[in-house]
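Hello,

Here is the structure I promised to pass on to you. Have a look at it first, and then read my notes below.

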Amino acid sequence: RSYQGSPPKSRKKRAGSGEESIIARIEIGSYVSFVCKDGSRLYGTVRWTGKHPTDSEKELVGIQLDNPRSDGNDGSIKGQRMFDCPPGCGAFVKKTSCTLIARPSGDGSESPLKDDGDPIQSLERQLKSALARLEKAEKENAKLRYEMKENQARFDQKMDAAREKFEEKKQLIREKEKEIEEIKDVARQRVKEKTEKMKEEFEKMKHENIR
């Protein structure tokens, strides 16, 4: 499907040399935006430029949209493959309906590419940049929470292992103490028996001497 696009307000009048220069800068790899017939603004990367297969007067650009749409295509127009992209992510738009804008970078900042100074475009870029930074911060926070959870789990595991070893040591000490007490009891009993035997022998010898 080919989007005709609604030309930006600044282009309702005949384009000046500055605007013509900006349009001329749109090439494969450029990041652009355009307004659909439903009034929504779409963003994407130019993957193809050329003439309409059935109308050589129309200069089109093939755009790979940032987000797929139900009315998007796969980079084909009139059955002809112009560029490759995922289904629903392709769009063909008049070159004059596109606005060259700065491409958001991975860290939420913008590339040095400048557009035509449209304040609406500037606000949209700032909002998109802020959303990108927010998303990045949320991902970093989620990663930190996950790492904290993992560290806490490892700490708890080590503490459980330490407590288990401590209890094992306590149990071993109790068993040794019990063994020592049993040895003492046996020793006391033997001493007692030997003492009583010696007393008996002493008494016997005493009686024999008296006789």
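Trp-48 and Phe-92 are both buried. Please keep in mind that this is a predicted model. The structure holds two aromatic pairs, and Trp-48 with Phe-92 is an edge-to-face one, with 5.7 Å from centre to centre and 80° between the planes. Trp-48 belongs to strand E2 (residues 41-52) and Phe-92 to strand E6 (residues 90-94), so this pair ties together parts that are 44 residues apart in sequence.

Another ring to look at is that of Tyr-43: the charged end of Lys-128 sits over it, 4.3 Å from its centre.

Now for the nonpolar cores. The largest has 13 residues, and Ile-26, Val-32, Phe-34, Val-61, Ile-63 and Cys-98 are those with the most contacts inside it. Strands E1 (31-35), E2, E3 and E6 each give two or more residues to this core, and E3 gives the most, with three. If you leave aside neighbours within four places in sequence, the contacts of Val-61 include Ile-26, Val-46, Trp-48, Phe-92 and Cys-98.

A second, separate core has eight residues, among them Leu-60, Ile-77, Met-82 and Phe-92. Leu-60 is found in strand E3 (residues 55-65) and is buried, with a relative accessible area of 1%. The C-alpha atoms of Leu-60 and Val-93 are separated by 5.4 Å, although these residues are 33 apart along the chain.

Enjoy exploring it!

Best wishes

Key. Residues are numbered from 1 along each chain as its sequence is written. This is a predicted model: local features need pLDDT of at least 70, side-chain atom pairs count only at pLDDT 80 or more; totals for chains, interfaces and linings use all residues. Side-chain values use heavy atoms; hydrogens and water are left out. Rings of Phe, Tyr and Trp (its six-membered ring) pair if their centres lie within 6.5 Å; planes under 30 degrees apart count as stacked, over 60 as edge-to-face and the rest as tilted. Helices (H or I, at least four residues) and strands (E, at least two) are DSSP runs, numbered from the N terminus. Buried means under 20% relative accessible area, exposed over 50%, partly exposed in between (1.4 Å probe, protein chains only). A charge sits over a ring if NZ of Lys or CZ of Arg is within 6 Å of the ring centre and within 35 degrees of the ring normal. A nonpolar core is a set of buried Ala, Val, Leu, Ile, Met, Phe, Trp, Tyr and Cys residues joined through side-chain atoms within 4.5 Å. Contact means heavy atoms within 4.5 Å.
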